[in-house]
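Subject: Structure handover and notes

Hello,

My notes on it follow.

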Amino acid sequence: MSSRTRTVFFLCSAAALAFVFAWGIRDLPPLGDYRGPYGNAVTQVAVYERHATDVVNAINYDYRAFDTLGEEFIFFASVLGVLLLFRPAGEEDKDGKRETKSEDTLPISDTLRVSMQAMVGIMIVFGVYIATHGQLTPGGGFQGGVILASAPLVVYLSGNVKTFEAIVSSPLVKLAECGGAAGYAAIGTAALLFGAHFLTNIVPLGTTGDLFSSGTIAVISAVVGMEIAGGFVLLMQSYLREIIEERLKREQ
Amino acid sequence: MRLLQWVILLLVAGVAPAVVLSRDPKSQVVTLSFYGLICALMFFIFQAPDVALSQITIGAVMLPLMIMLALTKMRRQNLRREREGKK
């Protein structure tokens, strides 16, 4: 297809899309107009029923915890998929190692190095805070886990490859990933032992507003944080494995 | 508040084409990350802080990172293939 026909084709479809879009937007209810019965019901009862002040997480980790379990395992499965695809190839790269020396050896500025290393501690504290306070304030395990996972990345960007390698190859990472996924399922199954339905909130609810409140919501949030952090670190490790090996060799 | 909402909506509409129109994958990653940040700001202004936090972590950090890592991986594979072709 020539570039001219492509442009014509694009303009036609863009005009059609704009028309349908404008047509659809005309009948949209105004901002803040919400007619779903469940949303209103849940915001009314969540704080009293679950002692969680962040209703979004009360929904995610309690009222629809089963869906979230499914989402967790989607993430788990995709991390496994990447690890399987990028598993170490073995023989293949033994002969070519000498020649890749010239690339990506940009020196890192001192400012970047110092400021990033200063950031690591703050990021870890912030990640743990977000992951454990999901029941009280916006955030939760998922967001906290990603923040935690980006801390080792900052270590890598600050040029400290040895420390990065030590962090990502630690067995704790795999343990967090698998333990997080298994923990979520275990919390759900524990409810069965007490004669309740799967993923029923069986832990004592505590005082609204306390860190240890809202029962399983807080626990699931922390467990999800573990899993997400472990998963993303594993992803980074599998993508960066070759580069790390080369850099370590060069540093020796 | 109303004005702020309009401003952020226009910003989103302005940055989105920038992502599409940047042709070099590397600069596209940077614009994509910026777009993720703007989107997060939009969610925050429309009073959805939970979604905004997820958007920052995924749209502005993890998605561009994964693309960047994939690009690095591809570049290295191409280099290796070239070397093998020369031999």
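At what angle do the axes of helix α5 and helix α6 of chain A cross, and how close do they come? This is a predicted model, and in it the axes of α5(A) (residues 110-132) and α6(A) (residues 141-157) cross at roughly 165° and come within 8 Å. Since angles over 145 degrees count as roughly antiparallel, α5(A) is roughly antiparallel to α6(A). The crossing in which α5(A) passes α6(A) is left-handed.

The contact between these two helices is made, on the α5(A) side, by residues including A:M116, A:M119, A:V120, A:M123 and A:I124. On the α6(A) side, the residues include A:G144, A:I147, A:L148, A:A151 and A:V155. By residue type, the contact of α5(A) with α6(A) holds 15 nonpolar, six polar and no charged residues.

One more residue of helix α5 of chain A is A:G121. A:G121 counts as exposed, because it has 10 C-beta neighbours inside 10 Å and the limit for exposed is 12 or fewer.

- A:L199 is in the loop between α8 (171-193) and α9 of chain A. It is not a glycine, yet its phi is positive, at about 65°. A:L199 counts as buried because it has 24 C-beta neighbours inside 10 Å.
- A:A218 is part of helix α9 (residues 216-251) of chain A. It is buried, with 28 other C-beta atoms within 10 Å. Leaving aside residues up to four places away in sequence, A:A218 touches A:G134, A:Q135, A:F212 and A:S213. Between A:A218 and A:E71 there are 18 Å from C-alpha to C-alpha, and 147 residues in sequence.

Now chain B. Helix α1 of chain B takes in residues 2-21, which is 20 residues. From first C-alpha to last, α1(B) reaches 29 Å, close to the 28 Å expected at 1.5 Å a residue. How many of the 20 residues of α1(B) are buried? The count is zero, and α1(B) is hardly covered.

α1(B) does pack with helix α2 (residues 25-45) of chain B: the angle is about 160° and the axes are 9 Å apart. The two helices are therefore roughly antiparallel to each other, and their crossing is left-handed. Among the residues of α1(B) that meet α2(B) are B:L4, B:I8, B:L11, B:V15 and B:V19. Those they meet in α2(B) include B:L32, B:Y35, B:I38, B:C39 and B:M42. The residues of this contact divide into 17 nonpolar, three polar and no charged.

B:Q47 is a residue other than glycine with a positive phi, near 60°. Is B:Q47 buried or exposed? It is exposed, with 10 other C-beta atoms within 10 Å.

Last, the two chains together. Chain B has 14 residues in contact with 15 residues of chain A. On the side of chain B that touches chain A, the residues are seven nonpolar, two polar and five charged.

Regards

Technical notes. Residues are numbered from 1 along each chain as its sequence is written. Chains are lettered from A and ligands numbered from 1 in the order in which they are written. This is a predicted model: local features need pLDDT of at least 70, side-chain atom pairs count only at pLDDT 80 or more; totals for chains, interfaces and linings use all residues. Two residues are in contact if their C-beta atoms, placed from the backbone, lie within 7 Å. Ala, Val, Leu, Ile, Met, Phe, Trp, Tyr, Cys and Pro count as nonpolar, Asp, Glu, Lys and Arg as charged, and the others, Gly among them, as polar. Axes are lines fitted to C-alpha atoms, for helices over the stretch in contact, and angles run from 0 to 180 degrees between N-to-C directions. Helices (H or I, at least four residues) and strands (E, at least two) are DSSP runs, numbered from the N terminus. Angles under 35 degrees count as roughly parallel, over 145 as roughly antiparallel, 65 to 115 as roughly perpendicular and the rest as oblique. A crossing is left-handed if the near helix is turned anticlockwise from the far one by less than a right angle, and right-handed if clockwise. The expected span of a helix is 1.5 Å times one less than its number of residues.
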